[in-house]
Amino acid sequence: MILITGGLGFIGSHTTRAMLDLGESCLLVQRRAAAVPDAFAGEAGRRVFVEQADITDRPAFLEIGKRHKITGIVHLAGSVPWPPGGPLGRVASPFVAAPQLVHAAVRGTPPDLSALHSPAYAGDGIDLCYVKDCGRAIALLQLSEQLSYRTYNVAAGRATTNGQIAAAIRKVIPDAQIELPGGRDPDGPGHDTCLDITRIHQDTGYQPGYDAERAVADYISWLRAGNER
């Protein structure tokens, strides 16, 4: 059984789902009282358990350890994913335009990109790791029998541009009201940024399963299912 702090949060929920899909059981620890969410209701009391505890309360955690046979710990409480993207994530990000673009397209409105720290140009790209890939990568690392390194990049391993996100949205919502300036931000770095995922691929076999088109389509489907905020 894997104990996941913040297991009902953004990254935590998707990591829990990935753990269950890999055959593991999960103990989700939250600071505030919480029930097993509907997404895991079928596994409640069998492979998913929820406990309330503050991560700074050592005695409380030791008591939890007496009640459950814990074989591993994933610490995600208070984690801030970079960059966020996918179901349960932020509606608006100050770092990337993708969430705003997707949510606005589903609502049928022009996107409000005023929260961004810098303008969103079509040609600017960054390593966008869809949250379902992120959760699966964390689960694979936790359950790996042997790891060769102390640190691993959890990422897509490739840059995705704002223009690619816009094109993926239009494949699902052709009349999406997206107008982005072409080229790159003249005040930006002038190059795309992505992380090397060689280590995690070699040790766990992880490869991202969601490119821009699949991730956007999945996210839109989730929002249209009644999860739009």
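Modeller: Before we begin, a strand here is a DSSP run of E of at least two residues, and a helix is a run of H or I of at least four, both numbered from the N terminus. With that in mind, Thr-160 is found in strand S6, which comprises residues 160–161. Please remember throughout that this is a predicted model.

Biologist: Is Thr-160 buried or exposed, and which residues does Thr-160 touch?

Modeller: Buried means under 20% relative accessible area, and Thr-160, with a relative accessible area of 8%, is therefore buried. Leaving out residues up to four places away in sequence, Thr-160 touches Asp-124, Gly-125, Ile-126, Leu-128, Ile-165 and Ala-212.

Biologist: How should I read the packing of helix H1 and helix H4, and at what angle do their axes cross?

Modeller: In general, two packed helices are described by the angle between their axes and the distance between the axes. Here the axes of H1 (residues 10–21) and H4 (residues 131–143) come within 8 Å and cross at roughly 60°, which means that H1 is oblique to H4. The crossing of H1 past H4 is right-handed. On the H1 side the contact is made by Phe-10, Ile-11, His-14, Thr-15, Ala-18 and Met-19, while the H4 side contributes residues including Val-131, Cys-134, Ile-138 and Gln-142.

Biologist: What span should the 13 residues of H4 have, and which residues of H4 are buried?

Modeller: The expected span is 1.5 Å times one less than the number of residues, so the 13 residues of H4 should span 18 Å, and the end C-alpha atoms of H4, being 18 Å apart, agree with that. The buried residues of H4 are Val-131, Asp-133, Cys-134, Gly-135, Ala-137, Ile-138, Ala-139, Leu-140 and Leu-141, and what covers them includes H1, strand S4 (72–75) and helix H6 (198–204).

Biologist: Strand S4 has now come up; what can be said of Ile-73, and is Ile-73 buried or exposed?

Modeller: Ile-73 lies in strand S4 and is exposed, with a relative accessible area of 55%. Ile-73 and His-201 are 128 residues apart in sequence and 21 Å apart in space, C-alpha to C-alpha.

Biologist: How does one read a backbone angle, and what is the phi of Leu-88?

Modeller: Most residues other than glycine have a negative phi. Leu-88, however, has a phi near 80°, a positive value in a residue other than glycine. Leu-88 is found in the loop between S4 and helix H3 (98–107), and with a relative accessible area of 43% Leu-88 is partly exposed.

Definitions and conventions: Residues are numbered from 1 along each chain as its sequence is written. This is a predicted model: local features need pLDDT of at least 70, side-chain atom pairs count only at pLDDT 80 or more; totals for chains, interfaces and linings use all residues. Side-chain values use heavy atoms; hydrogens and water are left out. Axes are lines fitted to C-alpha atoms, for helices over the stretch in contact, and angles run from 0 to 180 degrees between N-to-C directions. Angles under 35 degrees count as roughly parallel, over 145 as roughly antiparallel, 65 to 115 as roughly perpendicular and the rest as oblique. A crossing is left-handed if the near helix is turned anticlockwise from the far one by less than a right angle, and right-handed if clockwise. Contact means heavy atoms within 4.5 Å. Buried means under 20% relative accessible area, exposed over 50%, partly exposed in between (1.4 Å probe, protein chains only).
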